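Good morning, and thank you for coming. Please look at the sequence and the structure as I bring them up, and keep them in view while I speak.

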Amino acid sequence: MLNVVAIMGRLVADPELKTTPAGISVCTFRIQRQHRAYQQRQADFIDVVAWRHNADFLCKYFAKGSMVAVQGRLQTRQYQDRNGSNRTAVEVVADSLSFAG
């Protein structure tokens, strides 16, 4: 099965580096992608997860408003919110990150 995502957009907030109990770096961030729909500007907000060296790279060189190109794969996961309701999260898992500005 083919699962490839390539997207470019601006970070909507400063990335925050976290570390798992096993010592692995992880960074979850959101990018805004502009496009035209029916002659009007529209924006999509895409959640992205970067692991290990990609997480370190992003947090070191990118800040809110930075343009980033992401290549990766689409992933869904299930979780329960604070009220106990089942939710589904859709996110891009980054395989590579590049400067795009």
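I begin with a term: a residue is called buried under 20% relative accessible area, exposed over 50%, and partly exposed in between. Please also keep in mind that this is a predicted model.

Cysteine 27, by contrast, is buried, with a relative accessible area of 0%.

I turn now to helix H1, which covers residues 52-61. Which residues of H1 are buried? They are Asn54, Ala55 and Leu58. Viewed down the axis of H1, these buried residues fall within an arc of 100 degrees, so they line one face of the helix. On the face of H1 turned away from the buried side we find the exposed residues His53 and Lys60.

What do the buried residues of H1 pack against? They pack against four strands: E3 (25-37), E4 (40-51), E5 (67-80) and E6 (86-99).

Asparagine 54 sits in helix H1 and is buried, with a relative accessible area of 9%. A polar atom of the side chain of asparagine 54 lies 3.5 Å from the backbone oxygen of alanine 94. Setting aside neighbours within four places in sequence, asparagine 54 is in contact with Ala94, Asp95, Ser96 and Leu97.

Leucine 97 leads us to the nonpolar core. In soluble globular proteins, nonpolar side chains tend to be buried together. Here the largest nonpolar core has 16 residues, of which Phe29, Ile31, Val48, Leu58, Val68, Val70 and Leu97 touch the most other members. At least two residues of this core come from each of strand E1 (5-11), E3, E4, H1, E5 and E6. As for leucine 97, if we do not count residues up to four places away in sequence, the residues touched by leucine 97 include Phe29, Ala50, Phe57, Leu58 and Val68.

Finally, consider how the strands pair, with E3 as our guide. E1 and E3 run antiparallel and are joined by 2 bridges; arginine 10 stands opposite glutamine 32 in E3. Strand E2, residues 18-19, also runs antiparallel to E3, with 2 bridges, and lysine 18 has valine 26 as its bridge partner in E3. E2 and E3 form a hairpin with 5 residues between them, where glycine 23 in the turn has a positive phi of about 90 degrees.

How many bridges pair E3 with E4? There are 12, in the antiparallel sense. The hairpin of E3 and E4 has 2 residues between the strands, and tyrosine 38 takes a positive phi near 55 degrees.

Thank you for your attention.

Notes. Residues numbered from 1 in each chain as written. Predicted model: local features only at pLDDT ≥ 70, side-chain atom pairs only at ≥ 80, totals over all residues. Heavy atoms only, no water. Buried < 20%, exposed > 50% of the residue type's maximum accessible area, 1.4 Å probe, protein only. Arc of directions from axis to C-beta. Contact = heavy atoms within 4.5 Å. Core = buried A, V, L, I, M, F, W, Y, C linked by side-chain atoms within 4.5 Å. Polar contact = N/O pair within 3.5 Å; in protein donor to acceptor, adjacent residues only side chain to side chain. Pairing = 2+ DSSP bridges.
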